[in-house]
Amino acid sequence: MKQDVVYILECIDGTLYTGWTNDLPARLAAHAAKRGAKYTRAHPPKALVYVEKMADKRTALSREAQIKRLSRKQKLALIETYRANIDKLHGSRYDKEDCYQLYRMETERLTMSTNKVRTRFAPSPTGYMHVGNLRTALYAYLLAKKNDGTFILRIEDTDRERYVEGAVDIIYNTLRKTGLIWDEGPDIGGPVGPYVQSERMGMFKEYALKLVESGHAYYCFCDKERLDEVRTIQQASGIAPRYDGHCRNLSPEEVQAKLDAGVPYVIRQKMPTTGTTSFEDEVYGTVTVENETLDDQILIKTDGMPTYNFANVVDDHTMGITHVIRGNEYLSSTPKYNLLYEAFGWEKPVYIHCAPVMKNHTEKLSKRNGDASFEDLLAKGYLTEAIINYIALLGWSPKGENEIFTLPELIQEFDVSGISKSPAIFDTQKLRAINGAYIRKLSPEAFLEQALPYIRQTCKSESIDLPTLCAMLQPRTEIFTEIPDQVDFIDALPEYSNDLYVHKKMKTNLENSLASLKACLPALEAVEDWTLDNVHSALFSVIESLGVKNGVVLWPIRVAVSGKQFTPGGGVDLAALLGKEETIARIKKGIEQLENA
RNA sequence: GGCCCGUUGGUCAAGAGGUUAAGACAUCGCCCUUUCACGGCGGAAUCGCGAGUUCGAUUCUCGCACGGGUCACCA
């Protein structure tokens with residue numbers, strides 16, 4: 001269907017291309033490549049596209065040929081015509097999507113390209129950094145750094161009731177620990193401070209008053225009782241509860257009289273009552289709402305303080321934020337934000353709304369449900385890098401097949417077009433797997449350092465050769481908290497059942513296990529220098545003399561020295577690790593246990 | 001309830017009218033091995049439903065179902 005749209009592509013460098021829209025992406029890509037840039041849907045090269053709809057392929061073809069024959073001057077004239085007619089082209093669905101969207105897309109890109117990217121993370125200090133928040137911060141950071149831009153931290157602390165002592169430190173610490181270093185923020189300042197919302201309170205009312213002057217906002221003197229009453233009636237009659245516009249059209253004299261009389265007031269945004277408001281989201285595309293569904297929301301409260309929605313817009317603008325990245329719970333209020341930007345005549349930011357991180361199909365991950373926060377995950381033994389890597393992957397997918405990325409690699413790889421529209425369920429198994437991958441990448445020294453506290457939980461023995469133990473542990477550790485269970489047999493042999501000696505694949509049973517242990521005992525006692533190699537050759541000579549498969553000897557050894565089915569390493573490794581005396585004692589114990597069976 | 005958004009294997013997901021519908025985790029089998037793991041190879045498994053447009057629909061349109069969000073002098 002798209003093939004019957006003819007376009008003229010006017011690039012910023014003046015190049016003109018003519019073709020069908022179905023080869024447009026290839027054209028854009030080629031042109032971008034020529035300029036040494038990269039084409040993606042989120043970051044097309046700077047270009048303007050003008051299109052013309054044809055009834056079918058054949059006419060499109062001939063029209064294309066026709067346009068191609070035009071002189072440059074004639075083409076430019078055509079472009080002018082299209083530009084002037086762009087709104088008329090709205091007639092059909094078809095035109096709206098193809099012409100207008102492209103037009104918008106490209107003009108937005110133009111404005112974007114002239115500004116340096118500035119993103120912000122604006123958390124409320126409620127005492128907890130949950131995974132969804134951290135992901136938002138990460139994306140904001142990545143987008144800024146990817147474009148050589150600025151990442152800003154702003155603390156939104158205007159909600160005194162929810163304020164939690166020390167919460168700001170949690171935010172600082174988490175961002176620092178994960179490497180999401182902000183370029184401007186409360187602690188380090190910056191050109192557009194202050195960066196704590198409660199310290200910016202003076203300015204908002206002034207801005208609201210400007211809106212009153214320009215007719216985009218008005219004073220409202222309705223008290224709580226009246227509002228409640230209106231709402232009750234609306235609910236009873238099944239209408240959406242909304243401000244009824246009682247004060248919307250008060251005359252200037254009436255307003256002045258009430259102000260003089262000291263009647264408490266709020267300032268409300270005056271929403272258009274007809275038409276629609278649309279905005280372009282990088283993730284969700286065009287979102288349109290009917291203006292009549294928009295409530296005349298409060299901008300300034302009775303106490304003179306701004307509401308969150310208002311403060312947010314003013315702050316974002318005054319801080320020069322170019323890209324707003326936030327949860328998609330704001331999707332439906334974004335038209336209101338944009339109306340505010342328009343009323344002020346400010347340039348709108350690019351919106352990037354992210355779907356939430358879920359616990360299951362119906363519930364969000366939340367503090368309330370006691371779901372994991374970043375701190376909890378750390379406490380559970382996950383590595384910071386692995387957490388960041390996994391969180392990045394939750395709702396975003398890289399272009400290639402690799403999934404393991406450090407933060408600098410993520411900056412390289414990150415692209416808004418990879419952000420997914422639908423919610424993602426937090427999958428602990430995948431996090432574990434990624435954590436395991438990071439653990440395997442650790443140097444032996446780093447592994448030892450991180451693993452030691454966990455080893456020491458169940459293995460106090462000072463004589464143990466830690467590097468050897470770690471070498472066995474590292475490839476089989478996915479998460480540090482599973483280490484204690486792995487090494488608990490070292491200090492003391494656990495009670496175990498003789499059933500462990502029976503292993504089908506190893507072809508062992510109670511009888512041959514006993515025989516193997518008995519045969520090994522003198523061989524091991526004869527080992528003078530108790531090293532891995534010497535233990536190995538001692539045991540293998542036993543295997544040879546008995547003429548059995550390796551497992552028939554080595555399996556019983558493993559069981560006897562560890563009392564466990566799964567161990568970090570084989571019989572030889574364990575024996576070498578435990579030392580001569582302990583190994584022999586445990587084998588004797590095994591023999592005794594088997595004889596009494 | 002109104003409005004907005006979403007729906008590809010168990011999970012994360014690629015895909016952009018014609019594909020044997022990628023890849024990763026999980027799962028199963030085989031190989032390696034001294035158990036488990038690591039590593040290697042392979043299998044099973046997915047387009048929510050119904051119409052429409054089209055020669056052809058996972059892809060476009062509409063409807064439905066299901067799920068989420070939002071409707072405060074909270075942020």
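In the model, which is predicted, the surface near RNA strand B comprises 21 nonpolar, 25 polar and 18 charged residues. Here Ala, Val, Leu, Ile, Met, Phe, Trp, Tyr, Cys and Pro count as nonpolar, Asp, Glu, Lys and Arg as charged, and the others, Gly among them, as polar. A residue is near the strand if its C-beta atom, placed from the backbone, lies within 6 Å of it. The RNA is surrounded by 64 residues, the closest being Asp-159, Tyr-308, Ser-422, Gly-570 and Val-572. Residues are numbered from 1 along each chain as its sequence is written, and chains are lettered from A in the order in which they are written. Local features need pLDDT of at least 70, side-chain atom pairs count only at pLDDT 80 or more, and totals for chains, interfaces and linings use all residues.

Helices (H or I, at least four residues) and strands (E, at least two) are DSSP runs, numbered from the N terminus. Elements that each supply at least two residues of the surface near RNA strand B include helix 8 (224-236), strand 9 (285-290) and helix 10 (308-318). Helix 21 gives the most, with four residues.

Asn-550 lies in helix 21 and counts as partly exposed because it has 13 C-beta neighbours inside 10 Å; a residue is buried with 20 or more other C-beta atoms, placed from the backbone, within 10 Å of its own, exposed with 12 or fewer, and partly exposed in between. The C-alpha atoms of Asn-550 and Met-506, 44 residues apart along the chain, are separated by 8.2 Å.

Helix 5 is mostly covered, with 15 of its 16 residues buried. Asp-148, which follows helix 5, has a positive phi, near 60°.
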